[in-house]
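Please read through the structure below.

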Amino acid sequence: MVSPCLQGDISHCVETTVPQVQLPEDILHQIHALMPLRDAAQAACVSRGFLRSWRCFPNLIISIDSLGIKENETNNDEIKSDFICRVGHIIQNHSGMGVKRLIIQTYPWSNIHPSYIDSWLRDAITPGIKEIEISMLIYGGIKYNFPGSVLSSSEIRSSIQIFLLAECSFHCAAQIGCMSSLKKLNLHSVHITGEELYGFLSNSCALEQLRITNCNDIICLKIPCLLQKLYILDVLGCSKLEMIDSNAPNLSTFFFSGHPIHISLGDALQLRKISFSRYNSPDALYYASIKLPFIAPNLQTLVLSTSDETVNTPKAFGKFIQLKYLEIVVSTSKFSQDYDLCSLISFLDASPTLQSLTVRIAQPTIRRDSVIKDSSGHSRPQCFQEQCHDNLKNVMITGFCSAKSMMDLTISIIEKTKALECLTLDTTRGHRRFAKIDKCRQMNKEALAEATKALNAIQRYVEGRVPPGVNLKVIEPCSKCVC
């Protein structure tokens with residue numbers, strides 16, 4: 001039988017065998033506030049001091065993990081009922097005062113009735129709350145519409161600093177009113193139109209970070225000039241989006257991933273970092289080379305991702321005068337001889353102050369244009385930089401392959417980069433980070449065979465050209481890379 005404190009019902013808890021420790025009430029509250037929800041509830045069961053503190057416990061983080069509920073597909077309805085019961089007890093036993101952070105995650109259930117969620121929100125969202133995160137699961141289940149009535153109080157709206165909604169509707173956004181302290185807004189898979197979002201943003205003048213992911217009802221995303229403090233804008237995977245029109249004057253970081261759309265960032269003189277990925281677009285690198293120098297003239301960090309099956313980057317029409325770090329990620333697995341990696345040199349010619357270059361071939365496979373089977377040898381690069389680079393010091397190529405254009409690119413960099421200090425040629429697919437642990441990305445037999453060719457090509461065509469003062473690092477597949 002589960003104890004009352006684990007169920008969230010502490011109304012009948014009494015002090016038992018635990019001796020009292022007399023601490024000032026403010027210190028006791030601070031200690032209690034640092035505990036996870038389950039531990040805090042248990043502490044309230046054995047101490048009257050903690051029981052009083054529980055009435056205004058600041059962090060209500062509600063999920064199956066925080067409540068210690070284990071998933072069991074065979075008793076899914078029973079477990080759902082247990083979840084609803086426990087949350088109900090927790091909310092009822094809390095006074096509603098003092099809540100600073102409210103997080104509700106309904107995973108793995110998509111059919112919790114909206115009336116339960118509405119009730120929890122009404123009781124827990126009170127003046128002084130700073131963070132609200134509501135993550136629903138609507139796949140194949142009941143769709144939830146966030147109730148604007150819980151934000152009707154100006155005292156509540158004025159204290160909220162972080163607001164996250166996931167997998168629900170937010171059609172009342174434009175009618176919410178002034179969110180004078182809101183700094184961070186995150187909408188994931190939320191049903192909201194561009195007009196509704198614009199109305200909400202116009203009332204959020206303190207906003208600093210805006211992240212919109214998979215919000216597929218937005219066609220035009222307009223950012224008002226009132227958002228003077230907005231410095232981070234992330235727009236990812238919004239399938240129906242056609243235009244981004246931002247007038248935020250102090251934007252410094254812009255992430256975009258999606259289909260080709262029109263992008264206007266106004267006078268983005270403060271913009272320093274862009275991460276840019278266009279789905280299924282044959283001109284992603286072309287767009288970046290001819291548009292971005294004018295969209296963000298003071299850019300310092302640029303990350304480009306492309307899934308193009310062909311690459312032929314033209315000479316950039318403008319210059320990335322202040323660009324220091326450039327990363328290009330190529331994720332396609334279908335290479336052809338039209339895939340001219342050497343054309344990436346145009347980015348170097350357009351970036352006179354570049355210090356670090358990273359090229360990642362995300363899915364290396366056997367190359368039909370491998371230099372290893374070319375009996376004619378490989379003496380001179382076929383791509384030429386128009387100028388030498390006095391600032392480029394570090395170059396890394398991950399997924400290094402034996403393609404002729406890859407050899408051309410590498411040799412051209414070696415010969416034209418006078419300040420080069422370190423050249424890293426990684427024949428693997430790199431690493432992936434899980435829970436602060438780096439793990440090798442897996443490689444199939446074809447990728448391992450291509451890595452062997454790449455190592456051979458490095459020995460034959462690259463090593464002899466590397467100046468003595470340059471640190472050449474060659475990374476080979478290890479036993480953990482094998483599928």
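## Terms and overview

Strands here are DSSP runs of E, at least two residues in length, numbered from the N terminus. The model is predicted.

The protein chain holds 12 helices and 20 strands. It has 483 residues, and buried residues make up 50% of them. Take the contacts in the chain with a separation of 6 or more: 65% of these come from residues 24 or more positions apart.

## Threonine 424 in β17

Strand β17 covers residues 422–426, and threonine 424 sits in this strand. Relative accessibility is 6% at threonine 424, so the residue counts as buried. The cut-off for buried is under 20%.

What does threonine 424 touch, once neighbours within four places in sequence are left aside? Its contacts are Val395, Met396, Ile397, Lys473 and Ile475.

## Threonine 253 in β10

Another threonine, residue 253, belongs to strand β10, residues 253–258. Its relative accessibility is 13%, so threonine 253 counts as buried.

Residues up to four places away in sequence are again not counted. On that basis threonine 253 touches Tyr231, Ile232 and Leu233, along with Leu271 and Lys273.

## Lysine 324 in a loop

Lysine 324 is a loop residue. The loop runs between β13 (301–306) and β14 (325–330). Is lysine 324 buried, partly exposed or exposed? At 30% relative accessibility, it counts as partly exposed.

Threonine 353 lies 29 residues from lysine 324 in sequence. In space, the two are 6.0 Å apart, C-alpha to C-alpha. Thr353 is also among the residues that lysine 324 touches.

Strand β1 spans residues 59–62 and has two faces. Leu60 and Ile62 make up the covered face. Asn59 and Ile61 make up the uncovered one.

β1 runs parallel to strand β2, residues 101–105, and four bridges join the two. Isoleucine 61, on the uncovered face of β1, has isoleucine 103 as its bridge partner in β2.

## The β7-β9-β11 sheet

Which strands form the open sheet, and in what order? There are three, in the order β7-β9-β11, with parallel pairing. The edge strands are β7 (220–223) and β11 (262–264), and each pairs on one side only. From one strand to the next, the twist averages 5°.

Strand β9 covers residues 243–246 and is joined to β11 by three bridges.

## Helices α11 and α12

Two packed helices are described by the angle between their axes and the distance between the axes. Here, helix α11 (residues 404–416) packs against helix α12 (residues 445–462). The angle is about 40°, and the axes are 11 Å apart. Angles under 35 degrees would count as roughly parallel. α11 and α12 are therefore oblique to each other. The crossing of α11 past α12 is right-handed.

Which residues meet in this pair? From α11 come Met407, Thr410, Ile411 and Ile414. From α12 come Ala457, Tyr461 and Val462. Six of the contact residues are nonpolar, one is polar and none is charged.

Note on methods:
Residues numbered from 1 in each chain as written. Predicted model: local features only at pLDDT ≥ 70, side-chain atom pairs only at ≥ 80, totals over all residues. Heavy atoms only, no water. Axes fitted to C-alpha atoms, helices over the stretch in contact; angles between N-to-C directions. Parallel < 35°, antiparallel > 145°, perpendicular 65-115°, else oblique. Left-handed = near helix turned anticlockwise from the far one by under 90°. Contact = heavy atoms within 4.5 Å. Nonpolar A, V, L, I, M, F, W, Y, C, P; charged D, E, K, R; others polar. Pairing = 2+ DSSP bridges. Buried < 20%, exposed > 50% of the residue type's maximum accessible area, 1.4 Å probe, protein only.
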